[in-house]
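Thank you all for making the time this morning.

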Amino acid sequence: MRGFLFESLETILLALAVFLVLQASVQNFRVDGISMDPTLANGQYLLVNKLVYEPVPFQSVAAADGQTSHGPQSWIYPFHAPQQGNVIVFHEPTDPTRDFVKRVIGIPGDTVEIRFGIVIVNGTILPEPYLINRDTSNLAPVEVPQGFYFVLGDNRPVSYDSRELGPISQESIIGKAWFSYWPLSNLHILSSGLALFR
């Protein structure tokens, strides 16, 4: 009897540990709207990897005249930071209760501009094979600050993105849209969709 109770407790603790790890690392997300057509459809369900972009904040320390001073806050990524072409889920900056899904176009230090719907990053036209509905919008060059990312929807004419919101902060990013699981006809792992992938 004691052995049975011990094994039951062990099983319950293991199941609880697995549940907590999954809760901390993966979140489901329902696409609401058509701003990511044709990559993601309205009502499509995704799994979001919350750990892959999880940063560890630190402050650089510099010594001057025997005094210790703290520099600006930076980030260390145990896995990797968001990369150009990644599809991410983030909290809307002006309303954190709303979550958006968009594609990373510019990373910290990049300069992004748009000329008649053509995206130019650091002076080079960005190849975007995932686009079907390109618009004719223009955007003056924007330098992406450290700790921020420039994002756009794949369905440009109807997307509310960094053209209006500005760059998205690292703190607002929930994770990487990783796997589409519903409807079953859209079952697949999401890729960057860029010919030139960093």
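This is a predicted model: local features need pLDDT of at least 70, side-chain atom pairs count only at pLDDT 80 or more; totals for chains, interfaces and linings use all residues.

**The pocket and its surroundings**

By class, the residues that line the largest pocket are 8 nonpolar, 2 polar and 5 charged, where Ala, Val, Leu, Ile, Met, Phe, Trp, Tyr, Cys and Pro count as nonpolar, Asp, Glu, Lys and Arg as charged, and the others, Gly among them, as polar. Residues are numbered from 1 along each chain as its sequence is written, and side-chain values use heavy atoms, with hydrogens and water left out.

The largest pocket has a volume of about 270 Å³, and of the 15 residues that line this pocket, the closest to its centre are D32, S35, R98, D99 and F100. The elements that give two or more residues to the lining are β1 (26-30) and β6 (95-106), and the largest share, 5 residues, comes from β6. Strands here are DSSP runs of E with at least two residues, helices are runs of H or I with at least four, and both are numbered from the N terminus.

As for the terms, a pocket is an open set of points on a 1 Å grid over the protein atoms alone, where a 1.4 Å probe fits and where there is protein on both sides within 12 Å along at least five of seven lines; a lining residue has an atom within 4 Å of a point. Grid points are joined across faces, edges and corners, and the volume is the space filled by probe spheres set on the points.

Let me turn to the charged pairs. How many salt bridges does the structure hold? There are 7, taking a salt bridge to be a side-chain nitrogen of Lys or Arg within 4 Å of a carboxyl oxygen of Asp or Glu.

In one of them, the side chains of R156 and E128 meet at 2.6 Å, N to O. This pair links distant parts of the chain, with R156 in the loop between β11 (148-152) and α2 (162-165), and E128 in the loop between β9 (124-125) and β10 (139-143), 28 residues apart. Both R156 and E128 are buried, which, on the scale used here, means under 20% relative accessible area, with exposed standing for over 50% and partly exposed for what lies in between (1.4 Å probe, protein chains only).

A salt bridge also joins D135 and R163, at 2.8 Å from N to O. Because D135 lies in the loop between β9 and β10 and R163 in helix α2, the pair ties together parts that are 28 residues apart in sequence. R163 forms a salt bridge with D161 as well, the closest N and O atoms being 2.8 Å apart. D135 and R163 are both buried, and D161 is buried too. Salt bridges that share partners also join E128, R134 and R156 into one network.

On the surface, W182, L184 and L187 form a nonpolar patch with about 340 Å² of accessible area together. L187 sits in the loop between β13 (173-182) and β14 (188-189), and is partly exposed, with a relative accessible area of 48%. Such a patch is made of residues with over 30% relative accessible area and no salt bridge, nonpolar side chains (Val, Leu, Ile, Met, Phe, Trp, Tyr) being joined within 5 Å and like charges within 9 Å. The areas come from the Shrake-Rupley method with a 1.4 Å probe, and for residues only the protein chains shown count as cover.

Finally, the backbone. Most residues other than glycine have a negative phi, and most peptide bonds are trans. With that in mind, the peptide bond from D37 to P38 is cis, with omega near 0°, and P38 is found in the loop between β1 and β2 (45-49).

Phi of F116 is near 50°, a positive value in a residue other than glycine; F116 lies in the loop between β7 (111-115) and β8 (118-121), and is exposed, at 61% relative accessible area. N122 also has a positive phi, near 55°, and its place is in the loop between β8 and β9, where N122 is partly exposed, at 43%.
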